[in-house]
Amino acid sequence: MTSVSHASKKTVSRRLRVGVSVHVRAGGQSMFESGIAQNALFLVMLLARSPRVEAVYIVASGGGTREDAKRFMADAPAPIIEPESALGRLDVMIEFAAQLDREWVLKFRERGGKIVSMRVGNDYVLDIERMVFGLPPAGLVPQVPYDAMWTLPEYERSCKPYYQALGRAPVTIVPHIWSPMLLDKDARNLPEGLRFGYVPGRRRWRVGIFEPNVSMVKTSYVPLLACECAHRADPDVIDAVRVYGTMKLKDQPTFVEFARSLDVVRHGLASFEARFPFAQIVPREVDAVVSHQWENAQNYLYYEALHGGYPLIHNSHLMGDCGYRYDGFDCEDAGRVLRTAFERHDANLPAYRATAQAFLRTLDPLYEANVRAYSDALDALFRKS
């Protein structure tokens, strides 16, 4: 393969060959296990459209085979290669869902290649939790030299300065991107008689809470209290509260004590469930989604709910006019907003759907402004300081 060392001019004069790293496990692996793999897929789609990109590749690492990688990334418009093949082929490597080997990075940079670390989680909070609570480490201090770090608008306040100080590299805010393609594909597998999408006319709502409960940034605590406040104010609003992603908490003494204090539990409305793909479980069991985040204001869960026209009760400032927003950590306000949504949603459903779809179009990986933003970020890698 030819060297890429000539790509270090003030601005790159040719189109780029870009790789996106993806961690592939042996055996089955679902796109719905986390948002990271989905985000990597959407980024590959966007890069394939960029006028600055000649070719984009998925660089697979981990314990999985090439066949595992092909099954996992079947929807990606890009070939799959191994790190050794990528070494002499790429101009830019985007470290996404798989950390790069230090020796590989040093060789790649010697050839003139550029390394980007794409950060799509609230690492500031996650790293603190790992230290304070003695959790397993996860690459807190970068072991490789980065040319740039990219992150999302939701982390501009909490993480951007942290990344810049710890990573010793410039940090660029790039758009959050999403497409309904995976959701729609999954929804097509629903049994006969079920369809994805809000159905008006229920006398009381079945509320779903979908927070993963693996970090303080997204937990079920405030959503449960929101349902509690709504139920106390009006017992005719809620038919059921299904709290997904809580199986590991069912025997945790503090959580059990908290749950048992709630009327929605004592009155038999609440159940605590495992985690399921959104499109598969909502048509069966859920009419409305109540959510909460802390410095994690852009979530695929929100987009999935909006795409289906489901009432979304949330506290995100990055959702435009979509859904029904409450203030911060205010459980009582969230309960009021839930009751307001119950009163208005069916009558306002066409307008709700229109607002949601207009917003979701701005997230599309092929949306011109998104392609331009990532293309500009690629160009910035080759500008002299």
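Reader: How many helices and strands are there in the protein?

Author: This is a predicted model, where local features need pLDDT of at least 70, side-chain atom pairs count only at pLDDT 80 or more, and totals for chains, interfaces and linings use all residues. Residues are numbered from 1 along each chain as its sequence is written, and side-chain values use heavy atoms, without hydrogens and water. Helices (H or I, at least four residues) and strands (E, at least two) are DSSP runs, numbered from the N terminus. On that basis the protein has 15 helices and 13 strands.

Reader: Which residues have the most contacts inside the largest nonpolar core?

Author: A nonpolar core is a set of buried Ala, Val, Leu, Ile, Met, Phe, Trp, Tyr and Cys residues joined through side-chain atoms within 4.5 Å; buried means under 20% relative accessible area (1.4 Å probe, protein chains only). The largest such core holds 127 residues. Helix 1 (residues 35-49) gives the most to this core, nine residues. Those with the most contacts inside the core are L47, I94 and W150.

Reader: What is W150 in contact with, leaving aside its neighbours within four places in sequence?

Author: Contact means heavy atoms within 4.5 Å. With those neighbours left aside, the partners of W150 are I94, V116, S117, M118, R119, T172, V174, Y374, A377 and L378.

Reader: Which elements do the buried residues of helix 11 pack against?

Author: Helix 11 (residues 278-285) is mostly covered, with six of its eight residues buried. These are F278, A279, Q280, I281, V282 and P283. They pack against helix 7 (181-187), strand 11 (288-290) and helix 12 (300-307).

Key. Buried means under 20% relative accessible area, exposed over 50%, partly exposed in between (1.4 Å probe, protein chains only).
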